[in-house]
Amino acid sequence: MMSLHGASDRGDLRETQLTRLGRGQDLSLLYVNPPVVRGTTVLADSLAQWRQRASLRACDKPQANYGRFGTPTTAAFESAVAELDGAYRALCFPSGLAACTHALLAVCRPGGHVLISEFAYWPLREFAEQTLRSLAVEVEFFPELDAEGVAARFRPNTCAVYLEAPGSITFEICDVDHIAEQAHQRGIRVLMDNTWATSLLFQPLAHGVDIAIQSASKYIGGHSDCILGVASCNQDAWELLAGSVTRFGQTASPDDLYQGLRGLRTLGVRLREHGASALALARWLENQEEVAVVCSPGLESHPGHEQFKRLFGGVSGLFSFVFKPMSEAQLAAFFDSLRVFGIGLSWGGYESLVVPLTARPGSRLPEAAAGGQLVRVHAGLERVEDLIGDMERAFTALRKICE
């Protein structure tokens, strides 16, 4: 994209793609948006067809074989995301976390070593610490953002590097393409959580990532009403992931997949609004005396801003800020005075949210932020003037406690 809110010809083309992706999958030929297809048992026309289907590897079985392998709704969603990501194929999961964990399980082996960004999604971190380690996988978390720093941690048994860019708490930006280049020189696979940017603002596979993961519950779904995950793969990684997923019996609800397809159609329009409002809010918060730091890669003050401009096509609606140290009563006055923002986890829906969180170990926060409460903000689709007005009201309530 030409600027943080502009669009290149390529970006425009992907937005046009969104209105057409996933069509032509079996029963969806005549439908603008492929319909919900539910089912378990699918009949064969003949013994020969039955034997032909039965002879296929589990990961190659068609959707029209048994419901656990998916339905035409599954095929439509997976093909849509794969096309948007420029991937060989994509696989759906019942949640974003399931996509993260099964991608790691597919590439890790007992005795192997996996490097995971210190800033990764905290449930993924718990999975690595408690489950991967119990399977005799060596897990190492790293704070480095540069390729040389990450490469210095490679071992002979390193099998994978897991990235999240930007980190979804304090929004650090790592050098994705050069990390991938260093990893591939040693035969190490690269996985990346791309939920923050989506396929419209960043295409991980074009930058050397082998498996790109998204929580489709967020921006793809867009309406806070489905739980869904997806992983897009190059051909080599798909062979690994598809076999593993099939053995674990992973599948996704056709109703949630339909919601994901519906959400894709308006993703470009929504993401522009989310990003514009988030950047306006971030700039407004930078000017508030009680704020120690605002963490948004779209801001010139962000330490990873230049890297962000090089890699990403724009900002989405998620960022954070840190209050200067203050009392619990002051924080309560702020949160309890909000009327437009809700207090809650998740993000990517049409509604604006705030939630108090704790910064991850190794976060690149300035000393001025020490001891202050971190607040993650998701800018929804409300009028930005109303969002800023809601923040002004909350800051006014906070300041009254100080008087």
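## Helix packing, sheets and cavities in a predicted model

Helix 3 (residues 72–85) packs against helix 10 (residues 254–265) at an angle of about 35 degrees, and their axes lie 9 Å apart. Axes are lines fitted to C-alpha atoms, for helices over the stretch in contact, and angles run from 0 to 180 degrees between N-to-C directions. Helices (H or I, at least four residues) and strands (E, at least two) are DSSP runs, numbered from the N terminus. Helix 3 passes helix 10 in a left-handed crossing, that is, the near helix is turned anticlockwise from the far one by less than a right angle. Residues in this contact (heavy atoms within 4.5 Å) include Phe77, Val81 and Leu84 of helix 3 and Leu257, Tyr258 and Leu261 of helix 10. By class, the contact of helix 3 with helix 10 has ten nonpolar, three polar and no charged residues. Ala, Val, Leu, Ile, Met, Phe, Trp, Tyr, Cys and Pro count as nonpolar, Asp, Glu, Lys and Arg as charged, and the others, Gly among them, as polar.

The model is predicted: local features need pLDDT of at least 70, side-chain atom pairs count only at pLDDT 80 or more, and totals for chains, interfaces and linings use all residues. Residues are numbered from 1 along each chain as its sequence is written, and side-chain values use heavy atoms, with hydrogens and water left out.

An open sheet of seven strands has the order 1-7-6-5-4-2-3, with mixed pairing; two strands pair if DSSP finds at least two bridges between them. Strand 1 (89–93) and strand 3 are at the edges with a single partner strand each, so one side of each has no neighbour in the sheet. Direction ignored, neighbouring strands of this sheet are turned by 20 degrees against each other on average. Strand 2 (residues 113–117) and strand 3 run parallel and are joined by five bridges, with Leu115 opposite Glu140 in strand 3. Helix 5 lies across strand 2, strand 3 and strand 4, at about 150 degrees to strand 3.

A further open sheet, of five strands, has the order 8-9-12-11-10 and mixed pairing. Its edge strands are strand 8 (291–295) and strand 10 (342–343). Strand 8 runs antiparallel to strand 9 (residues 318–323), with four bridges between them. Helix 11 (residues 267–286) packs on the sheet, touching strand 8, strand 9 and strand 12 (374–378), and its direction makes about 15 degrees with that of strand 9. Helix 13 (residues 328–337) also packs on the sheet, at about 150 degrees to strand 9.

Pockets and cavities are found on a 1 Å grid over the protein atoms alone: a cavity is a set of points where a 1.4 Å probe fits but cannot get out, a pocket is an open set with protein on both sides within 12 Å along at least five of seven lines, and lining residues have an atom within 4 Å of a point. Grid points are joined across faces, edges and corners, and a volume is the space filled by probe spheres set on the points.

| Space | Volume | Lining by class |
|---|---|---|
| Largest pocket | about 550 Å³ | 15 nonpolar, ten polar, seven charged |
| Second largest cavity | about 40 Å³ | four nonpolar, one polar, three charged |

Of the 32 residues lining the largest pocket, Tyr121, Ser215, Lys218, Ser346 and Trp347 lie nearest its centre. The lining of the second largest cavity includes Phe119, Phe142, Glu144 and Cys174.

A cis peptide bond joins Ala165 and Pro166, with omega about -10 degrees. Ala136, not a glycine, has a positive phi of about 65 degrees.
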